[in-house]
Structure formats: C-alpha cells, structure tokens
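Colleague: I would like to learn how to read a few features of a model, one at a time. Please give me the general idea and then the case at hand.

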Amino acid sequence: MEILFYLLDINHEVVDGRPEIRLWGFDNLGNRVLIIDRSFLPSFYLILGEDVDGDGIAKSLLERWGDNPAIAGVELTDRRYFGKPVKAVKVTCNVPEMARYAEAMAKTVGIKGHVEDDLRYASQYLVARDVYPCGWHVLEVGEGGIDPKPRVDRVYLAKSVPKAFEKTDVPDLRILSFSIICYSSRGAPRPESNPVVIISAATNTGMSKQFAADDTDDGPVVDSFVRLIEEFDPDIIVGYGNNTRDWPYLIERCRKLGVKLAVDRSGMEPHTSAYGHISVTGRANLDVNDLAEDLLEVKVKTLENVADFLGVRKRGERTIIEDVNISGYWEDPEKRVKLLAFSEQNAHDILGVCNATLDFTTQMANLVGLPLDQVEAAAVGFRVEWYLIRQAFKLGELVPAREERPYFPYKGAIVLQPKVGIHEKVAVLDFRSLYPSIMIANNASPDTYIPPDQPEPRSGVYVAPEVNHKFRREPPGFYKLVLSDLIKARQQIRDRMRGLGPKSADWRILDARQRVVKTCTNAVYGYAGWIGARWYVKPVAEATAAWGRYVIQQTLDEAKKFGLEVVYGDTDSIFVRHDPEKTGAFLKAVEERLGLDIRPDEVYERVLFTEAKKRYAGLLPDGRLDIVGLEVARGDWCEAAKRVQESVLRIVLREDSPKKAVVFVRGYLNGLKSGRVAYRDFVIWKTLTKPIESYEVNAPHVAAAKILRKEGWEMVVGDKVGYVIVKGKGKIYDRAKPYTLSNLSELDLDYYIANQVLPAAMRILEIFGVKESDLTVAEASKTLSMFL
DNA sequence: GCCGTATTCCTACCG
DNA sequence: ACCGGTAGGAATACGGCG
C-alpha cells in the first residue's frame with residue numbers, strides 16, 4: 001500500500017547481523033509511524049589513481065575481501081572528485097562501522113584514498129535516497145514489526161524508495177517542554193549525590209505538570225516524569241540547556257536511582273549523538289539554548305532574555321531565581337513555593353520559545369537535510385556542509401574527507417575611515433549578496449580553481465585582482481550551481497508568498513524558509529575559507545575577498561566621478577551624502593560597470609560617526625535609532641553605561657542638543673551616586689572562551705569565575721560570567737565578584753562612573769568638544785569648555 | 001620600587 | 001567547530017630613574 005510520510009527522526013539498528021534504517025514520523029492521517037527500510041546498505045569509495053587498471057583492481061579487491069562477512073559488494077564506478085572525473089570502487093558493507101575496512105582496503109596498490117566512510121549510515125541513507133527530514137514523501141509499504149514493540153500507531157516495512165512529495169503543511173505535533181531543578185546544599189548539584197527535586201513540564205495541548213520531591217526523595221519525581229512522557233507521547237521534547245545539562249544529569253541520576261529513563265519510542269535511553277546533541281529515538285529532542293546562538297540580537301542568552309526577545313513573556317513578568325540561590329529557596333518551605341512557580345514559568349517559556357522558532361528550525365532541517373534535533377545543535381559550517389553534501393551527491397561528486405590543516409589567514413574586506421561628526425541625509429548603498437554574486441560571476445569554486453602550475457583551459461579563466469588566483473570559466477562550478485539554485489529558490493519562495501496573507505500558516509512557513517535559504521547562501525563564503533571545511537580551497541575565499549575589494553574600490557571611483565561625498569563604507573556598502581538625482585544615476589552607472597546589484601538601503605535623517613570604524617548611530621525617518629558597534633550594541637558593558645549612551649545619542653540625534661545631553665548625564669550621575677540605579681544595571685557579562693587554567697592574564701571575569709568555582713560551581717568554556725566591581729584596593733580583577741554574591745552597597749560606584757558610564761557617554765560627546773570635567777565637576781565651579 | 005607608556009591578551013562586535 | 005577587520009579595556013612588560 002502507498003502512504004504519505006513526514007520524517008521526524010531517523011536511526012539505524014543492526015538486526016541479526018544486518019543493518020537497517022528506521023524512519024520515524026507521521027502519515028497523512030496523523031498516525032505516528034515507524035518505517036523500517038532494509039533495502040539500503042552503508043558504503044564508501046576507494047579513489048583510484050590515474051591510468052590504473054580499474055577492472056583489475058576491483059577484481060583483486062574482490063578476491064582479497066569478497067569473503068569477508070563485513071563486505072557486501074565491490075563495484076567499479078565513475079565519479080567526480082573536486083570536479084575531475086575519477087574511477088572509484090564503491091564498497092558496500094554489512095556493518096555501519098566502515099572506517100577500518102576503508103583504511104585497510106585503501107592500502108591496495110593503485111588506490112589513492114578513501115572517502116565517505118566517515119559519513120554515518122543514516123546520513124548516507126538520507127543523501128542517497130534523497131529523503132528529507134521535516135518533509136513529506138510518498139512510498140510503498142507493507143506490514144512490518146520489531147521487538148520490542150515501538151511506541152507508534154503503525155509499523156511498516158518500506159517496499160519502495162521514498163519519493164519527495166510537495167506538501168507544505170506540518171503534522172499536528174505534540175510538544176512537551178520540561179525544566180528541572182536539582183538540589184545541593186552547597187555548589188553545583190552532582191547527580192551521584194544530589195536529587196532532582198522539581199521537574200516541570202508543559203505541553204502545546206495546554207497541559208501543565210509539576211513533580212516535586214518530598215524533601216530529597218527524587219525517585220518518584222523522575223518516575224512520574226518518565227510516565228508523563230510515556231502517556232503524552234510527545235513528538236518533540238524541548239528544554240533549555242537539556243543537551244548539556246538536564247539530560248546528562250537525568251541519565252546519571254537514573255543510573256544511580258535504578259530508574260529506567262525510558263523516554264524514547266523504542267525502549268532505549270537518551271544517548272549522545274552528532275554535534276553534541278542528545279538523541280531520543282523516535283522523537284526530536286530540541287534544546288532551544290542551541291537555537292539561541294542564532295539570535296544575534298540577544299547578547300546574554302539566558303532563557304528569560306531569549307523569551308523576552310521573542311515576545312514570549314515580558315521581562316518583569318517573571319521572577320528569576322539564580323542558581324546560587326536555589327538551595328535557599330528549596331530549604332525554606334515558604335520560599336519553596338516561589339521556586340516551584342519559577343520552575344513552572346521556565347517550562348512555559350521554553351514551550352513559547354519553541355513555538356516561536358519551530359518554523360525556522362523545521363525549514364532548516366528540510367533545506368539542509370539534517371534531522372530536526374541535529375540541525376538545531378549543528379554549527380553554521382556543518383549546516384552549509386550538509387547542504388553541499390546533498391548537492392554533491394546529485395552531481396556525482398564524492399564527498400572529501402575531513403582533514404587537519406594549518407591555519408594561514410588571508411586578506412579580507414575594505415573598511416573606510418568614517419568622517420567624524422554628524423551628517424544630514426545620508427544614504428546607505430549596498431551590494432546585495434556581494435560575495436555570493438562574486439562567486440557566481442567568476443565561477444569561484446573548489447572544482448574550478450586552476451593552480452599556478454597548471455595549464456589554462458581552452459575556455460579561458462577568470463583572474464582575481466591582487467591575488468591572481470585563476471578559475472576556469474566553463475563548466476559552471478559546484479559553488480556556482482549551488483548558489484544560483486539557492487538564490488533562485490529564494491526568489492521563487494518570495495513570489496509564492498506574495499499571493500498569501502502575511503498571517504497564514506503557509507506564509508509563515510515560507511517566510512521561515514526564505515530566511516533559512518538566505519542564511520545558507522550568505523554562509524557559503526565563510527564556509528569556503530574555513531580550514532575545517534571538506535571542500536576547503538583557500539584561493540576560493542581569498543579570491544572572493546579580493547574581488548570584493550575591487551568592487552568597492554571601483555564603486556568609490558565612480559562616486560568621485562559623480563561628485564558624491566562618501567562618508568563611510570564597510571565591505572559591501574558605501575554611505576553617501578544623499579542627493580536623490582545624483583544617487584540614482586550613480587547607482588545605474590555602477591550596476592552597468594560592474595554587473596552587480598547595488599541599491600539604497602536606508603536614508604538616515606542624520607548619522608553620527610566617531611573616529612572609529614564599525615561604530616556609528618543613525619536616525620531613521622520614523623524616529624528610531626540604528627546603533628551599530630557602539631557600547632549600546634555590546635553585551636559586555638553594564639546596562640547603566642549603555643542606557644546613558646543611548647539617551648545621549650537620542651538627544652544628540654533627535655534634538656540636536658549636546659548641551660541637553662550633558663545636563664542629562666550630570667543628572668544621571670547624581671542619581672547613580674545617591675543609589676538610585678538598580679544593582680542589576682551594574683552587572684558586566686563576559687564569556688569564558690577557554691578553560692580557566694589556560695588564561696595567561698588575570699582578567700576580571702576569570703577572577704569572578706574562579707570565585708564561583710571555589711564555591712563549588714563548575715565553570716566551563718562558553719559560560720557567561722556576570723560580575724560586578726566592588727570597593728577596595730588593587731587591580732580590578734582583585735575586586736571582581738560574581739554578581740550573585742554581592743549587592744549594591746558593596747559596589748565601587750566610582751569605578752562604574754569612571755570606567756563604564758563616562759567612557760560610554762564621552763565616546764559620543766567628545767565629538768562636540770565636551771570634556772569629561774563638563775560631566776563631573778560641580779555646576780558652580782565648572783568652566784564651560786563647550787558650546788562654542 | 002614607582003611611574004608612565006608600549007605591548008599583549010581578551011572579548012565582542014561589523015558586514 | 002564560518003571569514004577577516006576592527007575597537008577598546010585591562011593586564012603586563014618595559015624603560016627610566018641616583
């Protein structure tokens with residue numbers, strides 16, 4: 001019988017010595033189904049040297065390995081490798097672990113190397129069968145079954161190859177969010193000895209559950225949670241930090257308690273899988289903390305900040321209990337109520353964040369072709385790479401192995417020196433997708449690169465300026481094909497969106513898809529220059545950057561011809577004094593000359609530049625401010641400093657009155673000195689970018705992290721440390737304390753004035769000749785150095 | 001040992 | 001665990017100094 005199937009999760013099993021693929025998802029009637037596919041085996045390729053006897057090598061491989069039970073088949077094939085036609089022996093295996101056979105067989109004379117043995121069996125299936133997570137397929141199935149019986153409505157055996165089926169709607173997913181609270185009287189809880197005292201869960205069907213320990217007896221808590229999952233049977237389980245914290249803790253704790261953490265659909269426990277995520281077979285286990293990495297606007301990625309940014313719940317509408325205070329809240333029966341409420345809020349916020357981001361994540365999974373839970377956890381480079389692997393397969397390109405290589409940087413983009421001060425009516429003109437366009441126009445790609453020692457092809461080459469890297473004109477390279485497809489696809493999606501209401505479900509899904517396509521398009525250049533990339537060819541990235549510099553230089557020359565005043569520019573943009581007529585003609589001339597799409601982005605009413613590049617603020621026609629690069633835009637300045645700077649910018653740009661700004665700052669400082677600024681506005685956040693021991697200097701955030709560690713908290717790479725500077729003598733690092741361990745009365749307010757608020761305010765005001773003393777010295781005694 | 005300055009380390013931003 | 005270009009704070013090294 002034929003069914004429509006939506007893929008949610010994939011895994012493999014070896015049954016009676018035979019590997020098989022398991023596809024978990026839905027049919028179009030809303031049934032949860034498992035489809036077992038026994039028709040596909042893992043494989044790898046042995047690449048042959050040039051001018052060798054392919055048939056002979058295949059034959060000798062068969063003789064040597066044919067009887068090995070792990071080897072199912074050996075076949076001579078034609079493939080491409082970096083664009084060049086090659087002979088390759090495809091070795092099909094009866095075991096999913098292929099690397100050792102690939103290595104052993106590659107030792108055969110005449111074989112240059114082995115590839116694709118490092119692609120997981122399930123991934124190979126998705127690529128080779130062109131099956132897409134979070135997408136619909138049509139296929140022929142028959143009755144099937146596995147032991148033990150999985151937690152699904154139907155089990156089928158695949159009888160045909162699944163074929164992609166055009167259908168945008170998403171099945172009715174059951175989503176369960178959860179959040180756990182663990183208790184230790186001091187420091188970080190450890191699963192060997194400390195209980196999981198609260199588990200809160202919420203579902204998208206409106207159910208809300210909470211399990212709390214009777215004092216420290218957490219067996220029933222975990223048990224109830226497992227039963228809740230069993231009963232609700234979610235398709236998506238979502239948490240915040242569940243990949244790194246919650247699941248590892250629960251797994252370890254359950255081992256200790258002797259409780260089976262049976263939360264998946266096949267009777268196994270959650271386990272570590274690709275890209276540091278934890279896999280729950282048959283479901284998608286999502287960690288919206290991973291997703292938060294994609295939200296560049298959110299600087300300190302706490303659940304409350306992310307929820308706030310996505311409009312899930314407003315800041316202030318929730319109480320926040322810091323990790324260091326949890327034990328106190330749990331121990332005190334009166335405060336325990338608040339802890340329970342806090343945990344419940346967390347579960348609800350996680351659910352809200354999941355709902356707000358699920359379209360994006362499902363579309364990412366579908367475009368890139370990685371399962372939902374993996375794609376959320378994967379870094380940008382790996383997302384791009386999987387998209388490329390899919391396309392490579394369709395082109396008959398072999399997937400290069402990952403290699404370790406040394407790092408040598410190359411020259412990047414041009415940034416112009418800004419003209420200091422305020423400018424009226426400034427237009428920002430930028431090239432649309434400059435790097436992708438350059439790569440397409442010049443066929444820059446790993447498979448079209450012609451090294452200096454090789455002859456030029458008859459069809460000719462494109463030569464990059466400055467670096468002189470050469471790329472064959474014909475045929476179109478891998479990146480050109482991929483990027484052209486992506487750009488075309490995005491255009492098609494946007495065309496389809498035009499016919500839909502902006503609020504409809506289809507519109508939202510398509511909008512998420514076009515955003516995903518754009519993200520991937522823009523990441524290809526970065527991927528090309530990443531030494532970890534399978535298709536890394538440095539000249540591709542280096543040449544693209546060189547062409548980019550050339551384009552901007554040509555644009556500047558043209559602007560000069562038109563008599564346009566350029567006040568700033570960065571990489572793919574120039575900022576000019578707006579003269580509608582001149583600008584229009586100029587844009588046309590540039591397009592003609594360079595064949596690239598350049599267009600006006602914003603026209604700022606007024607824009608302010610300091611002497612520094614990459615830092616400016618512009619006033620938009622609707623009154624909003626664009627603040628770029630300045631302290632306001634940074635996560636490592638305290639709120640107090642950022643707020644003052646933002647106000648100064650607003651006054652200066654909107655009211656054109658530095659004097660008023662000075663008065664404002666003075667007033668703010670007075671308030672600050674008399675304790676009218678909230679404690680949390682003094683917290684400075686910085687990330688630990690390496691293990692505490694490997695720091696060469698004693699930085700304040702490291703000192704604060706050391707204090708936390710001493711208190712029993714584990715501090716790991718990637719942790720954001722919130723610290724304050726307290727009164728006292730000595731270096732700043734001697735006076736940095738974790739903000740959770742201090743309070744307003746301890747703070748060194750003079751430090752905050754001199755090193756946070758004043759620098760942030762002066763960054764703007766110094767442009768107008770304001771002196772620091774204008775902001776600090778008492779009114780009566782001050783000599784007005786400004787307003788000249 | 002102190003002081004002012006140059007250099008290095010470190011983080012987070014822009015496009 | 002995507003690129004290079006850039007700013008800027010704090011720590012540290014350095015040079016002068018009876």
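Predicted model: local features only at pLDDT ≥ 70, side-chain atom pairs only at ≥ 80, totals over all residues.

Colleague: Which residues come nearest to DNA strand C?

Modeller: A residue is near a molecule or strand if one of its heavy atoms lies within 4 Å of it. Around DNA strand C there are 28 residues, and Gly412, Gly526, Lys613, Tyr733 and Tyr751 come nearest. Side-chain values use heavy atoms, without hydrogens and water; residues are numbered from 1 along each chain as its sequence is written, and chains are lettered from A and ligands numbered from 1 in the order in which they are written.

Colleague: Which atoms of Gly412 and of Lys613 face DNA strand C?

Modeller: Look for polar contacts, pairs of N or O atoms within 3.5 Å; within protein, one must be able to donate a hydrogen and the other to accept it, and residues adjacent in sequence count only if both atoms are side-chain atoms. Gly412 uses a polar backbone atom, 2.7 Å from a sugar or linking oxygen of DNA strand C. A backbone N or O atom of Asn698 is 3.3 Å from a phosphate oxygen of DNA strand C.

Colleague: What classes of residue make up the surface near DNA strand C?

Modeller: Ala, Val, Leu, Ile, Met, Phe, Trp, Tyr, Cys and Pro count as nonpolar, Asp, Glu, Lys and Arg as charged, and the others, Gly among them, as polar. This surface has 16 nonpolar, six polar and six charged residues. Helices α11 (380-395), α14 (505-528) and α20 each supply at least two residues of it. Helices (H or I, at least four residues) and strands (E, at least two) are DSSP runs, numbered from the N terminus.

Colleague: Which residues of α18 are buried?

Modeller: An α-helix has 3.6 residues a turn, so residues three or four places apart point the same way. Buried means under 20% relative accessible area, exposed over 50%, and partly exposed in between, with a 1.4 Å probe and protein chains only. In α18 the buried residues include Ala661, Val662, Val665, Tyr668, Leu669 and Leu672. Among the elements covering the buried residues are α17 (639-655), α20 (749-765) and α21 (772-776). After α18 comes Gly675, with a positive phi near 80 degrees.

Colleague: What do the buried residues of α19 pack against?

Modeller: They pack against β27 (684-687), β28 (720-725) and β29 (736-738), contact here meaning heavy atoms within 4.5 Å. His701, Val702 and Leu708 are among those buried residues.

Colleague: How many salt bridges does the structure hold?

Modeller: A salt bridge is a side-chain nitrogen of Lys or Arg within 4 Å of a carboxyl oxygen of Asp or Glu. The structure holds 54. One joins Asp78 and Lys87, with the closest N and O atoms 3.0 Å apart; Asp78 is exposed, at 53% relative accessibility, and Lys87 partly exposed, at 40%.

Colleague: Are Asp349 and Arg318 buried or exposed?

Modeller: Both are buried. Their side chains meet in a salt bridge at 2.6 Å, N to O. Asp349 lies in helix α9 (residues 333-368) and Arg318 in the loop between α7 (303-309) and α8 (326-331), so the pair links distant parts of the chain, 31 residues apart.
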